[in-house]
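The following paragraphs lead the reader through a structure built from several chains. Please keep the sequence and the model in view while reading.

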There are 4 protein chains.
Amino acid sequence: MVTPLRDRNELDHKGTENLIEYILSGGIHGLFILGTTGEGPGLSYEIRYELTKFACKRVKGRVPLLVGITDTSFTESLRLVEHAADCGADAVVAAPPYYFTANQQELIGYYQALADKSPLPVFLYNMPSHTKVNFAPETVQTLSEHPNITGFKDSSGDVIYFQKVVALVKQQPDFPVLVGPEEILMQTMLSGGHGGVNGGANMFPKLYVAMYKATKDMDFDRMQVLQKKIMEISSKLYTIGNSPAKYLQGVKCALSVMGICSDTLALPYKAFDAEKRKTVEKALDTLDLEIQ
Amino acid sequence: MVTPLRDRNELDHKGTENLIEYILSGGIHGLFILGTTGEGPGLSYEIRYELTKFACKRVKGRVPLLVGITDTSFTESLRLVEHAADCGADAVVAAPPYYFTANQQELIGYYQALADKSPLPVFLYNMPSHTKVNFAPETVQTLSEHPNITGFKDSSGDVIYFQKVVALVKQQPDFPVLVGPEEILMQTMLSGGHGGVNGGANMFPKLYVAMYKATKDMDFDRMQVLQKKIMEISSKLYTIGNSPAKYLQGVKCALSVMGICSDTLALPYKAFDAEKRKTVEKALDTLDLEIQ
Amino acid sequence: MVTPLRDRNELDHKGTENLIEYILSGGIHGLFILGTTGEGPGLSYEIRYELTKFACKRVKGRVPLLVGITDTSFTESLRLVEHAADCGADAVVAAPPYYFTANQQELIGYYQALADKSPLPVFLYNMPSHTKVNFAPETVQTLSEHPNITGFKDSSGDVIYFQKVVALVKQQPDFPVLVGPEEILMQTMLSGGHGGVNGGANMFPKLYVAMYKATKDMDFDRMQVLQKKIMEISSKLYTIGNSPAKYLQGVKCALSVMGICSDTLALPYKAFDAEKRKTVEKALDTLDLEIQ
Amino acid sequence: MVTPLRDRNELDHKGTENLIEYILSGGIHGLFILGTTGEGPGLSYEIRYELTKFACKRVKGRVPLLVGITDTSFTESLRLVEHAADCGADAVVAAPPYYFTANQQELIGYYQALADKSPLPVFLYNMPSHTKVNFAPETVQTLSEHPNITGFKDSSGDVIYFQKVVALVKQQPDFPVLVGPEEILMQTMLSGGHGGVNGGANMFPKLYVAMYKATKDMDFDRMQVLQKKIMEISSKLYTIGNSPAKYLQGVKCALSVMGICSDTLALPYKAFDAEKRKTVEKALDTLDLEIQ
C-alpha cells in the first residue's frame with residue numbers, strides 16, 4: 001500500500017481510509033504497509049508509527065496486516081516491530097540494512113537476532129536494487145528454519161533466482177514465497193510461488209486477485225487476458241518522466257485522479273506536474289480494466 | 001570519528017571521551033561524528049542524539065564539530081540538524097538519501113530544501129558505494145551557490161572526478177573540497193583539494209595532520225615518507241577478513257588494542273574475533289608510525 | 001551447440017559429428033553454433049570457419065543452421081557471414097560489439113549496416129552479462145522492421161524485459177523471440193515467447209523439446225514435471241567450482257562423461273579436474289531424465 | 001595512437017604517417033598502437049596487421065613501438081604477436097579476454113601461457129570498464145615475476161588501486177607501472193608510477209611529455225600550470241555529445257581539424273557531425289596550449 005500524504009510529513013487520513021477500504025473491497029488476502037511502494041524508509045518515524053496504528057485500527061483483522069520495518073538501524077527496526085505488535089499487526093517485513101551492506105553470514109546473524117527478539121513473525125524481503133544485496137538462496141533456506149521467520153518476498157525480478165529459492169525452501173511447510181513485480185506474478189506462481197505483493201493492486205486490486213485465482217485454477221485463457229492488462233498498466237503508467245520514482249509517481253497520481261487519495265510524495269521525490277498528470281488521465285481512460 | 005559502543009545500542013562514554021581527547025591531541029582541524037566511519041546510519045536515534053550532545057560538550061569549541069545527519073527520511077535528518085544546533089555543533093554533513101535514489105534534479109531539490117531549513121551550514125557528502133548515487137560535478141557547482149551549503153566531502157575515491165568538482169567550484173570562495181579515503185589525501189590536495197576527512201586519523205591523528213602540512217608546504221621528500229606509512233596502514237589494517245566492514249572492524253579493533261575505546265560494532269557487523277585481533281596486534285607492532 | 005575441441009585450437013571432428021547427430025536425434029528444431037555456449041568469441045577464426053563448414057555439411061538442411069558471428073570488428077563479422085552463406089547456413093546470430101559499447105542509436109546503425117550487407121537473415125542476440133549493453137525494447141522494435149532482421153534471442157534472464165520486447169514486436173509477423181536460459185523456457189513461452197535456444201539441449205535435447213511441446217499444448221502437469229528436471233540439471237551441473245565458466249565446464253564435462261565429445265575448453269578456461277568430473281558423474285547418475 | 005582510417009576498413013596511410021611524425025616530434029618515449037584509443041578490437045585483422053607493419057617501418061626504432069594484441073581468442077592474439085615480432089615491434093600489450101571473463105587464477109594461467117609463447121615482451125593492460133575484470137594487485141605481482149612480462153598499464157582511473165599495485169611490484173626491477181587516463185598522470189607519478197600512456201598525446205604530445213618531466217623534476221609550479229591545461233582538454237574535448245565514444249570522437253575530430261589525419265571511426269561509432277566539429281574547433285581556439 002502506498003502511504004497517502006497530505007504534506008511531506010503529514011498523513012492523509014481521509015485518503016488512507018479510502019485507500020484501505022478500496023483495496024480491501026478488491027478481495028486481496030493481506031495488506032503490506034511501509035514497504036518500498038509505501039515509501040517506508042523515506043518517512044519520519046512519527047508517520048511510520050501513526051500509519052501503523054491507523055491501519056491496524058481500520059483493517060480490524062479483516063485481512064492480515066504486514067508492517068515494513070526496514071531500517072539501517074537494528075534498534076529502530078526492533079522498536080517499530082514492538083509498536084506494530086502493540087497495535088495488533090500480524091507480521092513485519094524487513095529488507096536487509098541498506099547503507100552498510102552485509103555479507104551472507106552477517107545477513108543470517110542480523111535476521112536471527114531480529115527474529116529472536118521480534119514479538120511478531122518476520123518476513124524476509126529481497127530488494128537488491130535498493131539495498132545493494134541479494135539474499136543467497138542458501139541464506140533464505142537457513143533463515144526459513146527459524147521458527148519466527150515465516151516467508152520471503154522477492155522483488156529482484158529474477159525468475160531463475162526465484163525458482164532456486166522455491167526449490168530450497170519447499171521442505172518448510174507454510175513458508176510462502178511471494179513476488180514483488182506484478183509483471184511476473186503469473187510466471188512466478190507457475191514456478192512454485194505462492195502469490196504476489198504487487199504495487200498495482202493499490203489502483204486495481206481486483207485485477208491482481210483475478211490473476212492470482214486464474215493461475216491457481218490453471219485457467220490459461222484467462223491468464224493471457226489478464227496478463228495483457230497487467231503489462232499495459234506497466235507500460236502506460238510506470239514509464240512517465242525520468243525520475244527513478246516514476247513507478248511510484250504513476251501509482252500515486254493515478255490514485256489521485258481516481259479520487260482516492262493525495263499524490264504527494266516524500267522527499268527526494270515530487271508528485272507529477274500537470275502535464276504528466278494528463279498523461280496518466282489519458283492512460284486511465286484507455287486502459288481496459290474491466291474484470292468479469 | 002568512530003562511535004565507541006559498550007553494547008550495540010549503548011554508547012561507551014569513557015571510550016568516547018578518551019577518543020576525542022586522543023584525536024584532538026593529534027592536532028586535527030575539525031571533528032566529524034556520525035559519518036560512515038561513525039556508523040551513523042546504523043545507530044539508533046537515541047545514540048545519535050546522545051553522541052552529538054556528548055561530543056559538543058567535550059570538544060567545547062576547541063575545533064569545529066561536524067555532525068553527520070545522513071538519513072533516508074528528510075524529516076529525521078532535519079530533526080537531527082536542529083538537535084545538533086541546540087548542542088552547539090558547527091555544521092552538519094549529509095550524504096544523499098540512500099534507499100530511494102534521486103536523480104540530479106531531485107538531489108538539487110533535496111539539498112536546497114535541507115539547506116533552506118537548516119540552522120547550521122550543510123556539507124555535501126559524496127559516498128556512492130553506499131548511497132548508489134554520485135553528485136554530478138555540475139550538481140555540486142549549483143549547490144555550492146546556496147549560502148548555507150559550505151563544502152563538499154568526496155569519498156568516491158575517483159581523483160579524476162575530484163578534479164572536475166574542484167574546477168567547477170573554485171570560483172566559490174571558502175567552499176572546501178575534502179577527500180574521504182586517506183590513501184589519496186596527498187594526491188587530491190595536489191589536485192586542488194583542501195584536506196581530508198580520514199578514518200585512519202582515529203588511530204594516528206598526527207600522521208594525517210603531518211601529511212596535510214607536508215603537502216601544504218610542498219615538502220615532497222616528507223610526503224613520500226608519510227605516504228608509505230599511510231599505505232602500510234591501509235594494506236595491513238584494512239584487509240583482514242572478508243566482511244564489507246573490514247576497514248571499520250580494523251579501525252575499531254586497533255583502537256581497542258591501543259586501549260582507547262571498545263571495539264563493538266553496530267549490527268549487521270561484529271568485532272574481530274581473537275585470531276583477527278592478533279593480526280591487528282601484530283600489524284600495530286610492525287607499523288613504523290613515528291612522526292618526527 | 002558447444003564446440004568440441006581436441007586441443008585449444010583444434011576441432012574435435014569425431015566429437016562434433018557425434019554431437020550433431022545426438023542433438024538432432026532429440027528432435028530439436030534448429031541448431032545454433034558459435035554462440036556463447038559455443039565459445040564463439042574465444043575461438044580462432046580458423047576454427048570458426050572450419051566448424052561452420054563442417055556443421056553445414058553434416059546437418060545437410062535437416063534443421064535450420066544458425067551461425068554466431070558476434071565480434072568486436074564489424075568487418076570480421078561480415079566476413080564470417082559471407083563464409084556461412086557460402087557453406088549453406090540458414091541465418092546468422094549477432095550480439096552487439098562488446099569491447100566498445102554502443103548506445104541505442106549506435107546499435108541501430110550497427111545492425112542496419114550489418115543486415116544491409118548480410119546475404120543471410122540476421123538474428124539479434126541480447127547477452128548483457130557479456131556485452132555490457134542491453135537492447136532497449138524500442139531498439140528491437142525498430143530493428144524488427146528491417147526485412148533482413150528476423151528474430152531476437154534474449155539471454156538477459158529478465159522475464160519483465162522479455163515481455164516488453166514481445167509486446168513491441170508482436171505486430172511483426174514471423175519475428176520469433178527466443179529465450180537463452182533454459183530455466184525460464186516455460187515462463188517466457190507462457191509470456192508470448194516462441195521457444196528457446198538452450199545450452200542444456202547439448203546434453204538432453206529431448207527434455208527441452210518436450211518442454212517446448214508441453215508448453216505449446218498447455219499441458220500444465222507435464223510442464224511441472226519437466227521444469228523440475230530442468231531445475232535439477234541447473235542446480236547440479238552448472239554450480240560446480242568457482243569459475244565464471246562453470247556452466248560451460250559442466251556441459252562439456254557431462255558430454256565427455258556421456259562419451260559424446262571432448263571436454264576441452266578454449267582459454268581462458270580449463271576442463272574440470274578429476275574431482276569435479278566425479279561430481280558431474282554422480283550428478284548424471286542421480287538425475288532422473290527419463291522423458292516419456 | 002589513434003588509428004587513422006580513410007574508410008571503416010581502410011587505413012589512412014598519409015594520415016598515419018603524419019600522425020607518427022607529429023607525435024614523435026613531441027618527444028614522447030614510446031608509441032602504443034592498437035590499444036583502446038587505437039580502436040584495436042574494433043578493427044579487422046587485415047587493418048591490424050597492416051598498421052603494425054606500417055608503424056614499425058615508419059618509426060624505425062626511434063622509440064620503442066608497442067602493439068596492442070587484446071582479443072577474445074588466445075590464438076588470434078598470439079598470431080598478432082608473431083606478426084608484430086616479424087615486423088620489428090618492441091613489445092605487445094594485452095588486456096584480458098573480454099567476452100568471457102576470467103577469474104584471477106584463470107587470468108594468471110592466460111597470461112603465463114601468452115608470455116611463454118610470445119617472442120616479444122608482454123605488457124599487462126588493465127581496462128576494467130571495457131573488459132569487465134580488474135587484475136587483483138596480487139595477480140599483477142605474480143605475473144610480474146614472469147621473465148617475459150615486463151610492465152603494467154592501468155586504465156582503471158583508481159589511484160588507490162594504482163598505489164597498491166605499485167607497492168606490490170616495486171621489488172621487481174624494471175617493471176614500469178604506467179597510467180592510462182592523462183587526468184591523473186601527475187598524481188600517479190607522485191604515487192610511484194613511471195609514466196603515462198595518454199590518448200591526449202595524439203593531439204598535444206609536448207604537453208604530456210612536459211608534465212612527465214615536471215613531475216620527475218618535482219617542479220610543482222609547472223605541474224600546476226600543466227595540470228590546468230590537461231584538465232581543460234579533458235573538459236572541453238572529451239565531453240561533446242552522448243556517445244560512449246565521445247572521448248575518441250573528440251580526439252579524432254581534433255586531429256582532423258588540425259589537418260593531421262582523418263576523423264573516421266570504426267563501427268559502431270561515427271565521426272562528429274558538423275555541429276560537434278564546430279564545438280571542437282572553438283575548443284581548440286580557446287585552449288591555451290603553449291608549452292614553454
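Two salt bridges, that is, 2 by the rule applied here, cross the interface of chain A and chain B; a salt bridge requires a side-chain nitrogen of Lys or Arg within 4 Å of a carboxyl oxygen of Asp or Glu. B:Arg79 takes part in a salt bridge with A:Glu46, where the closest N and O atoms are 3.0 Å apart. The model is predicted, so that local features need pLDDT of at least 70 and side-chain atom pairs count only at pLDDT 80 or more, while totals for chains, interfaces and linings use all residues. Residues are numbered from 1 along each chain as its sequence is written, chains are lettered from A and ligands numbered from 1 in the order in which they are written, and side-chain values use heavy atoms, with hydrogens and water left out.

The interface of chain A and chain B also holds 20 residue pairs in polar contact, both residues at pLDDT 80 or more. A polar contact is a pair of N or O atoms within 3.5 Å; within protein, one must be able to donate a hydrogen and the other to accept it, and residues adjacent in sequence count only if both atoms are side-chain atoms. On the side of chain A that touches chain B, two or more residues each come from helix 2, helix 3 (74–87), helix 4 (104–117) and helix 5 (128–131) of chain A. Helix 3 of chain A provides the largest share of that side, 4 residues. Helices (H or I, at least four residues) and strands (E, at least two) are DSSP runs, numbered from the N terminus.

How many residues of chain A are in contact with chain B? The number is 40 residues of chain A, in contact with 40 residues of chain B, where contact means heavy atoms within 4.5 Å. The area buried between chain A and chain B is about 3300 Å², with 59% of it on carbon and sulfur atoms. A:Tyr99, A:Phe100 and A:Pro268 supply 23% of the area that chain A buries against chain B, more than any other three residues. Buried area is the accessible area (1.4 Å probe) that two parts lose on being put together, summed over both.

Of the interface residues of chain A, 100% are also interface residues in chain B, so the copies meet through the same surface.

Chain D and chain C form another interface, with 40 residues taken from chain D and 40 residues from chain C. Chain D and chain C bury about 3400 Å² between them, and carbon and sulfur atoms give 59% of this area. One salt bridge here joins the side chains of D:Arg79 and C:Glu46 (3.0 Å, N to O). Chain D is superposed on chain C by a rotation of 180° with 0.0 Å of shift along its axis (RMSD 0.0 Å). The two copies are thus related as by a two-fold rotation axis. By contrast, no contact joins chain A and chain D, whose closest C-alpha atoms lie 17 Å apart, and none joins chain B and chain C, whose closest C-alpha atoms lie 17 Å apart.

Within chain A, A:Thr52 lies in helix 2 (residues 45–59). Is A:Thr52 buried or exposed? A:Thr52 is buried, with a relative accessible area of 0%; buried means under 20% relative accessible area, exposed over 50%, and partly exposed in between (1.4 Å probe, protein chains only). The side chain of A:Thr52 reaches the backbone oxygen of A:Arg48 at 2.7 Å. Leaving out residues up to four places away in sequence, A:Thr52 touches A:Ile33, A:Leu34, A:Val67, A:Leu80, A:His83, A:Ala84 and A:Cys87.

Some backbone features also deserve attention. Most residues other than glycine have a negative phi, and most peptide bonds are trans. A:Leu267 and A:Pro268 are joined by a cis peptide bond, with omega of about 10°, and A:Pro268 lies in the loop between helix 11 (246–257) and helix 12 (274–286) of chain A. A:Lys132, although not a glycine, has a positive phi of about 70°; A:Lys132 counts as partly exposed at 28% relative accessibility.

Key
Copies are superposed by least squares on the C-alpha atoms of residues with pLDDT of at least 70 in both.
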